[in-house]
Amino acid sequence: MTTLPAETMLPDEALLPAATVPPDETMLLDDTARLRAAAAFVREHDSASLLPLLLPGLHGPELRALAARCRFAHTGLLLFPPDPVSLRTRFGDCGLDGDTPSHPSVVVRDRLARRHRRDAAELDVRILRPHVPGPAGERRAVEVFALTVPAGSDLEEIAAYERARGHEAHLAFEILRPDPLVLRGLCAVLARHGAAPDGGGYNQHEDGTVFYFTVPADSPCDYRRLELYAPGDHRAVLTEHLGHRVAAPEAERLLHLLTGAWTTQALAAFARLRLPDAMDRAAATTAAELAGRTGTHPRGLATLLRYLAMLDVVAQDRDGFRLTALGRLLRADSPDTMRPLALMYGGPFYGSFAALDHTVRTGQPAFDHLFGENHFDHFARDPELADLFDRSMAAASRMFAPLPGHPAITAAAAAPSPRTVVDIAGGNGELLARILAAHPTLRGVLLERPHAVEAARRSLDAAGCGNRCDYRAGDFADTPPGGDVYVLSRILHDWDDDRCREILRHCARAMSEDADLLIVERLLPADDSPSLATAWDLHMACNVGGRERHASHYADLLADAGLQLRDSSPLPLEGHVLHARKAPAR
């Protein structure tokens, strides 16, 4: 499925040839001076003075209306320190906080890699946002992207080119009290004054939507890109905004969609043949060398690798093929390996999707139609498939990586006496292990099918948490009482509404009045904008007979079971954690 990026990619014409701008044309541009100028710019301008510079001809009531809705928030620029310490020193020289925290900037890193045809793993790009007061003391920032360029490094050519062109330099405005009507109006005003849509994206971690524009050519301002930031999920408006970009001809777009199955099988074959594991982590490998290591056909392997290079799974240069950061996720020894998912989606679930028309005609799972039984029973009878399914579920564990920090968990961990977390249908114990490892005072109970309990026991023992965990073999009806926090992670989407109510009633019966229930699921967007949940809704219908739901739908199911939805917060991979407790007695 195609998802919206967090920030726009540059147009194809921005791709560079191997040689870039000679360093002597750009090295006179000093990073410290650029940073100082950016900080001064933030201190001196406000929306009312800045918007007419960006959009010549904007004045009068239209300017006042736009300035009232758009708060100038930050400038953005890309710097090239030789090491992190010198960057902190430059911050101090410019009157900025040298202790500003930094985080990886995957989006800018990937844009630079694409623009300069480099492996993204070679580029260490960080993002820092030191605060700068506005003219009236408003809280603003300079958004600094920092690419470390050691002295004498071959990255100096990239630094020279980017300093000269300033592709990442931009000005950002936060939209106050955004709603779809306001957003559409603001975008229309900008377009009317010559600003051209230039991509955007929804950031689920910050729960904010970004709209990018290029400013008119006659703008006297040195910044050529403008960012509108709207708190909240506004992907419906964003889709309209992105629709202004030139699309490929319909036949070409459809052809790419029709060949999506080739991509799934190319990735699955890459993983099944253990090709990522046979490739050197750093050095390039020729197709012939790799074929010799893996017992594959040199020409067939070269064809596969060239296709994967188009997908950025491998990178090709004159020395051969190298794994990219994306490809490394398919190594079996990667800490965040997604190899089991590739094998599952390219294996059993791939076959059932070929019978999707059965689900559409009858409303029944194609998996059951194809294999003669539901997928739970089918996997339970085959130990290898059962293990692959559990590992594929664990491979998506980055979705619940933030869960140990949920207030319900941290409150239980801070209690004066030991508290217990009950993971219902907890699979191989990956989630419970994360929670117990993060909070040594907590105890755990894992409820699972009999064949899965031993795998969970091994997983928790390996994580060093086995001595604080009890194991129960059983079904949802066996949910044990006495827990302080109950967890249902990616369970309810497997079932229809009646079965969900039954599961939630089992939870409610086991819960005390003060117990918490955390439900991890993907939520269908309220505005039906593109999302992973929409894709998984089709997957669940085809393979399991379940469904994805809106937050309001879960609230109704919880209410039917005597529970009350308290709040919802986003997780990685477009997941959400729903927090529920017993409803107050009437």
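Arg549 and Asp497 form a salt bridge in which the closest N and O atoms lie 2.9 Å apart. The pair links distant parts of the chain, 52 residues apart: Arg549 sits in the loop between α25 (532–543) and α26 (551–560), and Asp497 belongs to helix α24 (residues 497–510). Both Arg549 and Asp497 are buried. The model is a predicted one.

## Other salt bridges

An α-helix has 3.6 residues a turn, so residues three or four places apart point the same way. Asp498 has a relative accessible area of 57% and is therefore exposed, the cut-off for this class being over 50%.

Glu240 pairs with Arg184 in a salt bridge, at 2.8 Å between the closest N and O atoms. This pair too joins distant parts of the chain, with Glu240 in helix α8 (residues 235–242) and Arg184 in helix α7 (residues 180–192), 56 residues apart. Glu240 is partly exposed at 40% relative accessibility, and Arg184 is partly exposed at 35%. A network of salt bridges links Asp31, Arg34, Arg90 and Arg163. The count of salt bridges comes to 36.

## Helix α10 and its cover

Helix α10 (residues 260–272) has 13 residues, which at 1.5 Å a residue should span 18 Å; the end C-alpha atoms are 18 Å apart, in agreement. Buried residues in α10 are Ala266, Ala268, Ala269, Phe270 and Ala271. Their cover includes the helices α11 (275–278), α13 (298–310) and α15 (339–345), together with the strands β10 (314–317) and β11 (320–323). Just after α10, Arg274 adopts a positive phi of about 55°.

## A nonpolar surface patch

Leu254, Leu257 and Leu258 make up a nonpolar patch on the surface, and together they have about 340 Å² of accessible area. Leu254 lies in helix α9 (residues 250–258) and counts as partly exposed, at 47% relative accessibility.

## Overall fold

The protein contains 26 helices and 18 strands. For 586 residues, a compact globule would have a radius of gyration near 25 Å, and the value of 26 Å for the protein agrees with this. The C-alpha trace spans about 70 × 70 × 50 Å along its principal axes.

Of the 586 residues, 49% count as buried. Among contacts with a separation of 6 or more, 68% come from residues 24 or more positions apart. The protein exposes about 26,900 Å², of which carbon and sulfur atoms supply 55%.

Notes: Residues are numbered from 1 along each chain as its sequence is written. This is a predicted model: local features need pLDDT of at least 70, side-chain atom pairs count only at pLDDT 80 or more; totals for chains, interfaces and linings use all residues. Side-chain values use heavy atoms; hydrogens and water are left out. Patches are made of residues with over 30% relative accessible area and no salt bridge: like charges are joined within 9 Å, nonpolar side chains (Val, Leu, Ile, Met, Phe, Trp, Tyr) within 5 Å. Accessible areas come from the Shrake-Rupley method with a 1.4 Å probe; for residues, only the protein chains shown count as cover. A salt bridge is a side-chain nitrogen of Lys or Arg within 4 Å of a carboxyl oxygen of Asp or Glu. Helices (H or I, at least four residues) and strands (E, at least two) are DSSP runs, numbered from the N terminus. Buried means under 20% relative accessible area, exposed over 50%, partly exposed in between (1.4 Å probe, protein chains only). The radius of gyration is taken over C-alpha atoms; the globule rule is 2.2 Å times the number of residues to the power 0.38. Contact means heavy atoms within 4.5 Å. The expected span of a helix is 1.5 Å times one less than its number of residues.
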